[in-house]
Amino acid sequence: MYYVVFAVLYSISLLPLGLLYLLSDFFYMLTWYIIGYRKKVVLANLLLAFPEKSEQERLEIAKAFYKHFWDNWIEALKLLSVSKKMILARVSGNMKALENIRDKGLSCHVLMGHQFNWEWGNAFVMINNRIPLLAAYSPLTNKIMDRLFLYLRRRFGTVLLPFNDMRRGMLPYRNKQYALALMADQSPSNPSRSYWVDFFNTPTAFLQGPEKGARLGNMPVVFVALSKRRRGHYHVEASLLCADAGVLQEGDLTRRYAEKLEANIRLDPAL
């Protein structure tokens with residue numbers, strides 16, 4: 001069944017992006033105007049995060065979010081067949097912070113958030129990275145979709161490590177230079193074993209793992225911000241969060257990450 005699904009989706013991914021965006025527009029209209037998928041949750045979260053904005057402003061952000069949401073899925077589908085040349089034509093970036101660490105012969109952690117389009121952002125970072133890029137991922141329950149996403153995320157060389165067995169997955173790289181990419185804005189399964197940070201006016205639990213690993217290894221840590229220049233065109237900006245996480249007080253790195261992430265989101269909340 002995987003090969004049947006793959007063949008169908010791969011064939012669709014060969015269509016020009018302009019046509020695929022028509023599909024994205026259709027699903028946006030369906031989910032926003034007809035189904036109303038999670039609309040109340042989205043608007044409630046926007047009210048919590050942006051109480052200073054008017055109801056109309058929050059409504060416009062929500063509508064834009066749904067448009068980006070479906071674009072993200074369409075662009076992820078395009079990754080099944082997209083060329084390296086097309087990624088480089090549509091994603092720009094400033095990778096100097098990563099390049100400086102790489103040139104010093106150091107390994108590092110790269111912290112990102114789930115901002116659109118993180119799939120293309122990951123591909124761009126991998127294409128421009130000349131050391132192994134490792135990425136933690138959460139296996140999907142659906143085995144077909146899990147295998148499909150493993151394929152498209154590995155296409156440009158990213159090494160995927162299941163988050164529930166990171167220690168074993170890291171063993172082949174412990175004496176090598178690498179960059180470990182972590183989508184560090186996941187909700188912790190155990191709030192009592194988390195770092196609590198004020199995030200968008202709300203005490204929020206953040207995973208301890210990204211900080212603990214960086215502090216244990218005295219690692220430099222880079223934050224990667226994403227922005228959308230126009231439809232189908234993105235920019236990746238890498239900045240240094242710290243040169244050595246081991247010298248920071250416990251919780252400081254997580255606070256720095258949360259502040260960077262919130263500032264980046266505030267620039268374009270719909271992403």
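## Buried cysteines, a helix face and paired rings

Cys242 is buried, with a relative accessible area of 5%; buried here means under 20% relative accessible area, exposed over 50%, and partly exposed in between, using a 1.4 Å probe and protein chains only. Before going on, please keep in mind that this is a predicted model, in which local features need pLDDT of at least 70 and side-chain atom pairs count only at pLDDT 80 or more, while totals for chains, interfaces and linings use all residues. Residues are numbered from 1 along each chain as its sequence is written, and side-chain values use heavy atoms, with hydrogens and water left out.

Which cysteine has its sulfur closest to that of Cys242? It is Cys108, but at 10 Å the two sulfurs are too far apart for a bond. Cys108 is likewise buried, at 1% relative accessibility. The structure holds zero disulfides, a disulfide being a pair of cysteine sulfur atoms within 2.5 Å.

Let us turn to helix 1. Helices (DSSP runs of H or I, at least four residues) and strands (runs of E, at least two) are numbered from the N terminus. Helix 1 has twelve residues, and its first and last C-alpha atoms are 16 Å apart, close to the 16 Å expected at 1.5 Å a residue; the expected span is 1.5 Å times one less than the number of residues. Buried residues in helix 1 are Tyr2, Phe6 and Ser13. They lie on the same side of helix 1 because they cover an arc of only 30° around the axis, where the arc is that of the directions from the helix axis to the C-beta atoms. As background, an α-helix has 3.6 residues a turn, so residues three or four places apart point the same way. The buried residues of helix 1 pack against helix 2 (17–35), helix 4 (55–78) and helix 8, with contact meaning heavy atoms within 4.5 Å.

Now to the aromatic rings. Rings of Phe, Tyr and Trp (its six-membered ring) pair if their centres lie within 6.5 Å; planes under 30 degrees apart count as stacked, over 60 as edge-to-face and the rest as tilted. By this rule the count comes to 21 aromatic pairs. In one of them, the ring centres of Phe6 and Tyr151 are 5.0 Å apart and the planes stand at 90°, so the pair is edge-to-face. This pair links distant parts of the chain, since Phe6 is in helix 1 (residues 2–13) and Tyr151 is in helix 8 (residues 143–154), 145 residues apart. Phe6 is buried at 17%, whereas Tyr151 is partly exposed at 32% relative accessibility.

Another edge-to-face pair is formed by Trp120 and Tyr234, with centres 5.9 Å apart and planes at 75°. Trp120 lies in helix 7 (residues 118–127) and Tyr234 in strand 9 (residues 233–242), so the pair ties together parts that are 114 residues apart in sequence. Trp120 is buried at 1% relative accessibility, and Tyr234 is buried at 3%.

Ring pairs also build a cluster, whose members include Phe26, Trp32, Phe65, Trp70, Phe116 and Phe149. Over the ring of Trp32 sits the charged end of Lys39, 4.1 Å from the ring centre; the rule asks for NZ of Lys or CZ of Arg within 6 Å of the ring centre and within 35 degrees of the ring normal.

Finally, look at Ala123 in helix 7. Ala123 is buried, at 6% relative accessibility. Leaving aside neighbours within four places in sequence, Ala123 is in contact with Leu79, Ile87 and Phe156.
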